[in-house]
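Have the structure open and follow along.

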Amino acid sequence: MQDLRAKAELVYRELVALHGFQQLVPRREPMHELISTMLSHQTTEANEERGYQNLRATFPTWEAVIAAPVEAVAEAIKPANYAPAKAKNIQAALATILAERGEISIDFLAELSTEEAMAWLTSLRGVGPKTASLVLLFCFSKPILPVDTHVHRVSQRLGLVNAKTPTEAHEILWEMLPHDAEWLFNYHVALLRHGQRICLFKNPRCNQCPLTEQCLWYQAHRAE
């Protein structure tokens, strides 16, 4: 584990240098972040945004989303793909928040520990570890790592994890990496960008990567 921690520190330094250091500041208010992230599964950022904006334009309040027929919610978020399932999840999550908190707000999570906040969020229908950790890190600066397909793929190829799914990788990386919110935020952003721009699912651009000497995938598939 000590060797892997040292390797993770090297990966962090190299990829943050390549893709840039980012200040950890909230990009959206918490309910926006939660619902947008629920919409983001298996779609593009552009379609996620279209689905969210359509939803907010169609229904003036979150209470109106709960009260609407599920078909109407699905129609509003249709650009985000898998609309029927996402509509049911969003309505159920909003209804649970309202029932438990008396208002549709998750601002109270700021006062909880990371573990308590994670457990509460993942109890909501349609909210898994990736969505919950992203909301907690991005909105509340909780020291936790969102692991999407890009972070998982890059970490796997580099040999930091041996995990079949992002959820499995989340647990391994959580044990390995520093529990510092800004560090974890930049690790997430750097590996996300690396997976989008260089370490592609098909035909990775290894000639642009500074980590080929450390990359198990490169050594197995590309190294002479």
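## Two helices crossing

A crossing is called left-handed if the near helix is turned anticlockwise from the far one by less than a right angle, and right-handed if clockwise. Helices here are DSSP runs of H or I with at least four residues, strands are runs of E with at least two, and both are numbered from the N terminus. Axes are lines fitted to C-alpha atoms, for helices over the stretch in contact, with angles from 0 to 180 degrees between N-to-C directions.

With that in hand, look at helix 7 and helix 8 (residues 129-140): their axes come within 9 Å and cross at roughly 130°. The crossing of helix 7 and helix 8 is right-handed. Helix 7 and helix 8 are therefore oblique to each other (under 35 degrees would be roughly parallel, over 145 roughly antiparallel, 65 to 115 roughly perpendicular, and the rest is oblique).

## What kind of model this is

This is a predicted model, where local features need pLDDT of at least 70 and side-chain atom pairs count only at pLDDT 80 or more, while totals for chains, interfaces and linings use all residues. Residues are numbered from 1 along each chain as its sequence is written, and side-chain values use heavy atoms, with hydrogens and water left out.

## Aromatic pairs

Rings of Phe, Tyr and Trp (its six-membered ring) pair if their centres lie within 6.5 Å; planes under 30 degrees apart are stacked, over 60 edge-to-face, and the rest tilted. That rule gives five aromatic pairs. One of them joins Phe 108 and Trp 120 edge-to-face, with 4.9 Å between centres and 85° between planes. Phe 108 sits in the loop between helix 6 (83-101) and helix 7 (114-122) and Trp 120 in helix 7, so this pair ties together parts 12 residues apart in sequence. Buried means under 20% relative accessible area, exposed over 50%, and partly exposed in between (1.4 Å probe, protein chains only). Phe 108 is buried at 15%, and Trp 120 is buried at 14%.

Now for Trp 183 and Tyr 187: their ring centres are 5.6 Å apart and their planes at 10°, so the pair is stacked. Trp 183 and Tyr 187 are four residues apart in helix 11 (residues 181-197), or about one helical turn. Both Trp 183 and Tyr 187 are buried, and together with Tyr 12 they form one aromatic cluster.

## Charges over rings

A charge sits over a ring if NZ of Lys or CZ of Arg is within 6 Å of the ring centre and within 35 degrees of the ring normal. Arg 56 does this over the face of Trp 62, 4.0 Å from the ring centre. The charged end of Arg 157 sits over the ring of Trp 217, 5.0 Å from its centre.

## A salt-bridge network

A salt bridge here is a side-chain nitrogen of Lys or Arg within 4 Å of a carboxyl oxygen of Asp or Glu. The whole structure has three salt bridges. Glu 33, buried at 0% relative accessible area, bridges to Arg 27 at 2.8 Å and to Arg 28 at 2.8 Å.

Arg 28 is buried too, at 16%, and also meets Glu 48 in a salt bridge at 3.4 Å, N to O. Glu 48 lies in helix 3 (residues 45-58) and Arg 28 in the loop between helix 1 (2-19) and helix 2 (30-39), so the pair ties together parts 20 residues apart in sequence. Glu 48 counts as buried at 9%. Shared partners join Arg 27, Arg 28, Glu 33 and Glu 48 into one network.
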